[in-house]
Amino acid sequence: MIFKNLDGRAERGAADRNENTRTRTGYAVPGGRVQWAIGTGRRLGMGAVAALIAAVSLFSAAAPLSAQPATAVKAAAAAPVAAPAGKAARTVLFMGDSLSAGYGLAASQGWVSLTAERIAKTQPGWRVVNASISGETTAGGASRIAGELQRNRPAVVVIELGANDGLRGLQLAQSRANLQRMIQAAQAAKAQVLLIGMRMPPNLGKEYTDGFERNYRELSQQYRTQLLPFLLEPIALDRNAFQADNLHPIASAQPKLRDHVWSKLGPMLK
């Protein structure tokens, strides 16, 4: 079995060379198919979420698993949107992977940037810091969160991580422990937490996929966080909502993700 993270930039040349030799299969829907993933390395085709669609299958690419150079992405994504002068801003900190870092989009087009624009208009006492990195895992997030908390002192922390763990087949206990560390650190810093979940395809087996989804739900219940079970739910069935890599949402799909997240995040900014 060959795995890939969500981002894919480091392997694009290999992916293009193998475009005609691999089979792509994913969310089976009338009028088209779509699969999604996040990061760098080898690709596991994302099938239908069991709760949404029954038919799935697997595809692979030939590029090796590798690390995504994240410096430029982080530098652009982490720039905060400031509150009006003269007001002490409260901060919303986003810790995510390429889905939150806006892979393949202009800096202003991603759903986090669109959320920052909404916050600037409707909640002027707040600012946004997007510390998401393409290719990020829960281990990476857990290793970075203390520094981000110290630098930004957020009142709200949004955690959108785990998909790259699942695509690599990381043990569920490890992913859970990493997410737990992030939640505990945020709450110890007196921040509210919004945990954004992902889902894995049935290809990985019912025990793994059920456990993967359950991690988010149980951690949210245990630590009394807000929970958005599946970030891509509004667009998961629409092939046209994804970029040419079939992995990352296009610019016109980002407002749907913003609105989906806002249903949980908005009430937290009162």
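Of the 270 residues of the protein, 55% count as buried, where buried means under 20% relative accessible area, exposed over 50% and partly exposed in between, with a 1.4 Å probe and protein chains only. The model is predicted: local features need pLDDT of at least 70, side-chain atom pairs count only at pLDDT 80 or more, and totals for chains, interfaces and linings use all residues. Residues are numbered from 1 along each chain as its sequence is written, and side-chain values use heavy atoms, with hydrogens and water left out.

The protein has 9 helices and 7 strands; these are DSSP runs numbered from the N terminus, helices being H or I of at least four residues and strands E of at least two. Contact means heavy atoms within 4.5 Å. Among contacts between residues at least 6 apart in sequence, 79% join residues at least 24 apart.

Helix 4 (residues 111–122) and helix 9 (residues 254–265) have axes that come within 8 Å and cross at roughly 55°. Here the axes are lines fitted to C-alpha atoms over the stretch in contact, and angles run from 0 to 180 degrees between N-to-C directions. Helix 4 is therefore oblique to helix 9, since angles under 35 degrees count as roughly parallel, over 145 as roughly antiparallel, 65 to 115 as roughly perpendicular and the rest as oblique. On the helix 4 side, the contact is made by Trp111, Leu114, Thr115, Arg118, Ile119 and Thr122. Helix 9 contributes residues including Pro255, Leu257, Arg258, Asp259 and Trp262. By class, this contact has 8 nonpolar, 3 polar and 3 charged residues; Ala, Val, Leu, Ile, Met, Phe, Trp, Tyr, Cys and Pro count as nonpolar, Asp, Glu, Lys and Arg as charged, and the others, Gly among them, as polar.

Ala253 lies in the loop between strand 7 (226–228) and helix 9. Ala253 is buried, with a relative accessible area of 4%. Leaving aside neighbours within four places in sequence, Ala253 is in contact with Ile235 and Ala241. Phe242 is 11 residues from Ala253 in sequence, and their C-alpha atoms are 7.8 Å apart.

Ala173, in helix 7 (residues 172–188), is exposed, with a relative accessible area of 58%.
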